[in-house]
Amino acid sequence: MTTRIIGLGNPLLTDDGVGVLTARAVQEALAAHPLPDVEVIEASVGGLRLMELMVGYRRVVLIDAWKDDSLPPGTVCRLNLSDLERRRPPQHLASAHDATLPTALAAGRRLGLDLPEDIVIFAVTVGNVIDFGETLTPAVLAAVPQAAAAVLAELRARSS
Amino acid sequence: MMQRITIDPITRLEGHGKIEIFLDEQGNVANAYFQIPELRGFEQFCVGRPAEEMPNITNRICGVCPEAHHMAATKALDMLYHVEPSPAVKKLRELFYMAFYCADHTTHFYALGGPDFVVGPDAPKAERNIFGVIHKVGVEIGRQVIAMRMRNHHVIQLMGGRRVHPVAGLPGGWSRALTDPERAEIEAIARQNVDFALFSLQLFQDVVLSNPVYKEMILSDAYMHRTYSMGMVDAQNRVNFYDGVIRVVDPNGNEWAKYHPRDYAQHIAERVEPWSYLKFPYLKQVGWKGFVDGPDSGIYCATPLSRLNVSDRMATPRAQEAFEAFYETLGSKRLPNGRYQPVHYRLATHWARLIELLFAAERMLELAMDPDILDPDVRPVVNTVPDEGIGCVEAPRGTLTHHYRTDARGILTKVNLIVGTTNNYAAMAMSIKKAAQALIRNGVVITDGLLNRIEMAFRNYDPCMSCATHALPGQMPLVVTVRDAEGRVVAHISRNEDV
């Protein structure tokens, strides 16, 4: 495998699960129309652990919930790593217990770990991430097919 | 009228938390309050579900210590279904749990707590992280830190069945037995863990204890609170993370209470304050006296430091040597009861955590070599009627208790959790106050370093806000807002430039 898609978030915390649910939608689409060397996983980790999940891959696509009140819930955004340094990052890229993702990647590279240069983040803006629940709010739920399509378009555009 | 300073940890959650520091009329710190956001509806979410889902639900409430929640939930199911795990099951679970401790304690020291000492407490924020530590101690040590994490995560995945959120816990059982090649691999990993833990203690000696400035900081009054200590001990009163009884010692080192985790409600009460969503646990039989320390105040701590303080000794030989060196170096005398006087220097928690790391590694090695560990019979058939279960483990961040009630079908009717961090909230509020007092005097706020000194005060508890409020972790930027007596902002300090 050379490409890893990582759906981040907690599917038990209402909209926080949008990254995981989008990853599942991507996985279903890939089951019907496979792409070579693409793998989809779920995780609810940030910082060092997230960096470690990227070791050995050429390309990583992260899908995460994003709390940004300047955008309506359900907005799908494509970000790269340098965007993270300029604005408040999506929900799960940092761990309060160890490091932010850019710091973790810098540390990993300094140590000579085999980390991808190609890291793209699809962030979906969320509404409710404080109530326990397994259902997305309507605007965020409606964004899942769009987010999955954006991830698939990204994969197909660059694998062709 | 009191002045107010707000330190605002903004997560991307609604209703974010705050540290609020109130000044008196002379401009000195009167009180410090720590607020965090509340996530809603966890109990309602669980009630009506089958109890056996709890190990896999609760391991989702925290991205940092899913293993601890999984284990506490699994132990609660043991009691709920009245099934005593076999020795092999207990040892498999404990082996898994030691791998978790090895990864978690390593990460805290090298990525979170350690930077204060290894890089320096006044280093710029951009350097005060794992990258700065690697720069200071060298790439080879950095590689070892990552290798330590990855090999123990491998064990967690192998034994727990999944990469991040384990699924192996069953009522009275563990879903996966070990093969001998797997056991041999884990034994080899445990040996490496022991070497790494010994190395880390030596590093602490060389970098921290040999530096008079750091040693003075550890021993300073600014980071000391004489509270009660809580932790789990085995039948010989030795530290145990997986199983045992809860022991509480008073600030002078006398045993105050020793009880089975199922009796927690007789010993722990929760204080509700109007300014916080959090409940502050305290020792019921001592009583709540406010945010003060001493033997008359029911505030206690449940941390690596307090676990050493409640124990007579460590259960493994090298950890015992480190335990003795810890108390001797910090000036504790042996009491007539055979224990050392408790250490109350909160920054010594970092050292205590490394001693626990060594214990976890040595215990992991013992278990990997135990003949019982290959017993294939680890999935008992359960045909009892469930009713009530309480499960308890030492999470890295404190004593973790899960309490469930069900109907006769095993459907949850009540759920209560006391997570590790919550135990320490009152103590953390006191630590924040003391750190602020050192830098705010007579209305003069030394803004340089205020943020980091306050963060240092709570970093040693490694608070899991997300866990205490049943959320997932995120980055926790800090904003300090200093207000004068009229509430006007007179200073604004931010850890994250974008806030």
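Tutor: Two strands count as paired if DSSP finds at least two bridges between them; strands (E, at least two residues) and helices (H or I, at least four) are DSSP runs, numbered from the N terminus. This is a predicted model, in which local features need pLDDT of at least 70 and side-chain atom pairs count only at pLDDT 80 or more, while totals for chains, interfaces and linings use all residues. Residues are numbered from 1 along each chain as its sequence is written, with chains lettered from A and ligands numbered from 1 in the order in which they are written.

In chain B, three strands make up an open, antiparallel sheet, ordered β12-β13-β14. Each of β12 (388-395) and β14 (412-418) of chain B has a single partner strand, so one side of each is left without a neighbour in the sheet. From one strand to the next the twist averages 10 degrees. Six bridges join β13 (residues 398-406) of chain B to β14(B) in the antiparallel sense, and B:Thr406 stands opposite B:Leu412 in β14(B).

Helix α3 (residues 66-80) of chain B lies across β12 and β13 of chain B, at about 150 degrees to β12(B); axes are lines fitted to C-alpha atoms, for helices over the stretch in contact (C-beta atoms, placed from the backbone, within 7 Å), and angles run from 0 to 180 degrees between N-to-C directions.

As for confidence, pLDDT (the predictor's confidence in each residue, from 0 to 100) averages 86 over chain B, and 86% of the residues score at least 70. Residues 7-17 of chain B stay under 50. Where pLDDT is low, the predicted coordinates should not be read in detail.

Technical notes
Two residues are in contact if their C-beta atoms, placed from the backbone, lie within 7 Å.
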